[in-house]
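Keep the structure open beside you as you read.

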Amino acid sequence: MFDTKYDVIVVGGGHAGCEAAAASANLGSKTLLVTMNLQNLAQMSCNPAMGGIAKGQIVREIDALGGYSGIVSDKSAIQYKMLNQSKGPAMWSPRVQSDRSLFTLAWRQKLENTPLLDFYQEMVVDLIVKNDQVEGVITSLGVKIFSKTVVLTNGTFLNGLIHIGEKNFSGGRVGEKASFGLTKCLENIGFISGRMKTGTPPRVDGRSLNFSFMFEQKGDINPSKFSFSEETLPLKNQKSCYITHTNTEVHEILKQGFDRSPMFNGSIKSTGPRYCPSIEDKIDRFSDKLQHQIFVEPEGWNTHEVYVNGFSTSLPYDIQFKALKSVQGFESVKFLRPGYAIEYDYFPPTQLFHSLETKLIQNLFFAGQINGTTGYEEAAAQGIISGINAHQKHTTKKPFILGREEAYIGVLIDDLILKGTEEPYRMFTSRAEYRTLLRQDNADERLTHKSFKIGLASKERLIKVEEKLKKRSKLISFLKNKSFTIKEANNLLANKKENLIKQTDKYSKLLARPNISRVDLNCFAELNSFIKKSSMDDSIFEQAEIDIKYSGYIEKEKRNANKLKRLENIKIPPSFDFDKLASLSLEAKEKLNKLRPETLAQASRISGVNPSDISVLLVSMGR
């Protein structure tokens, strides 16, 4: 059946697997995507949404690299919001509410229209390994499929165990069987595994809810979109989400089920996501809180199914139902399915290189929740990098690795490899020390040229970025060199209740004021004429405004990033003997021997390795 040896086999059809398969195939690798259910490609197992704080930046970065998450998000969006607009631009984060069914359909259409990509529905239970190199996979039917590289993106399916109250049963998702065999195979090779837990809320019938008792959350008045490409357009129509709250009665009902909760009776022994706790965990940990927010989110355009965000739980069904009925607006609620928790196997990511190739076995890559992350966006980010590097490896090209100063994706992978994770890892803006550089609006200019260089981003994408940069440079030059009229400026300042001026100055000086925005500059005829004549859209003016207002912060971060690059350029030989350096601390020796950093910059970010240890390494390498 498989008489062809593939270049890349991707195991798993979730967000990581789909991005990995698309990337390797689009780079020219003959790719096979093996998944247990082709009907559920890129299934939104939990909330029907993409993006959010820091996650929106990741989706923009995936799109800039030539991935599909941004395009698919636009095609299936039912609401768009730019979060954190009351804060600085480094914190602005796009998010879309998605139509769950359309999202999966759009992904399948994109993948089926990708040349060099084949599909096969089966469970992979073993790997073909020879001389510490992977050579293919073996399915549950005993079918051997050979390849030059393999990418494992198994999500929550490895020995997955679902919990609802006292009940538990195997499954990778509700209604889908778990995957068995691979964990044992990898452990036999020498990999270290662990267990993690995640959960999901009940789904309910929207026709049984009273939305008049809830707070309506509409999308942005002028919605944008995720993808930088011309393939998608901003939303014209949007659906509303709603907010309600738990109360003390709800909390008391939930507490009645604590003795039957797998979270508290010892049934669940693994670690769950700190920043997305279950409702029972919230009540237990924050017992002083009288209420918690519940986000009521529609599942799509043509369905009444509703996702109860904020009510993730593994409590018994009867307790879930009784408690939700005491939430305002849910008095007559009808369940479509209860919430549940799921435990699954993962492999600590310190066993990987930054390319996401494993250290133990050559040509084998891990991506997604198998590495201990949580979230569609984090998985998709690892997926595209693993797919790129699987292609790079079998074509004997240099690994594609993004630095912390280049992308949130770089921060994500660097954190995983050098720090590991003992709980599901979730990305936040606070994890990025260069977040002013890593904004959602400039992901295309940061990454498109890098992706084009390796052959993934299209020429059309690159041309579009270059045109944007030229227009922005032209606009900034105009703002810094052209002067406004005193009359127009004072009319604006009077309306803004600012002190009037007595002499003219450059537009940039006016725009640099905290209380003056680019929208306020619409009253200047000369500036408006220039923008119109130059065919500049608002996104270009927005970036020019950010560059002018935050130039000091941006330049400072660039200087700090350049300092880091100097350490990145100092390579540590793979065979370097850390034990011979008597001046290194014992903890530093232990961590360095275990993680084997490739550069001094990586070594400096390992927990337990101090600046004095880095100085010792610098001296020992003749620096």
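## A serine in a loop

Ser270 sits in the loop between α6 (248-255) and α7 (279-285); helices are DSSP runs (H or I, at least four residues), numbered from the N terminus. This is a predicted model, where local features need pLDDT of at least 70, side-chain atom pairs count only at pLDDT 80 or more, and totals for chains, interfaces and linings use all residues. Residues are numbered from 1 along each chain as its sequence is written, and side-chain values use heavy atoms, with hydrogens and water left out.

With a relative accessible area of 14%, Ser270 is buried (under 20% relative accessible area, 1.4 Å probe, protein chains only). Leaving aside residues up to four places away in sequence, Ser270 touches Arg195, Met196, Lys197 and Glu343 (heavy atoms within 4.5 Å). The side chain of Ser270 also makes a polar contact with the side chain of Glu343 at 2.7 Å (N or O atoms within 3.5 Å, one able to donate a hydrogen and the other to accept it).

Now to the rings. The structure holds 18 aromatic pairs (ring centres of Phe, Tyr or Trp, taking its six-membered ring, within 6.5 Å). One of them, Phe478 with Phe530, is stacked, at 4.2 Å centre to centre and 15 degrees between the planes (stacked means under 30 degrees).

| Lysine | Ring | Distance from ring centre |
|---|---|---|
| Lys110 | Tyr68 | 4.5 Å |
| Lys580 | Phe576 | 5.2 Å |

How values were computed. Helix = DSSP H or I, 4+ residues; strand = E, 2+ residues; numbered from the N terminus. Buried < 20%, exposed > 50% of the residue type's maximum accessible area, 1.4 Å probe, protein only. Phe/Tyr/Trp six-rings, centres within 6.5 Å; stacked < 30°, edge-to-face > 60°. Lys NZ or Arg CZ within 6 Å of the ring centre and 35° of its normal.
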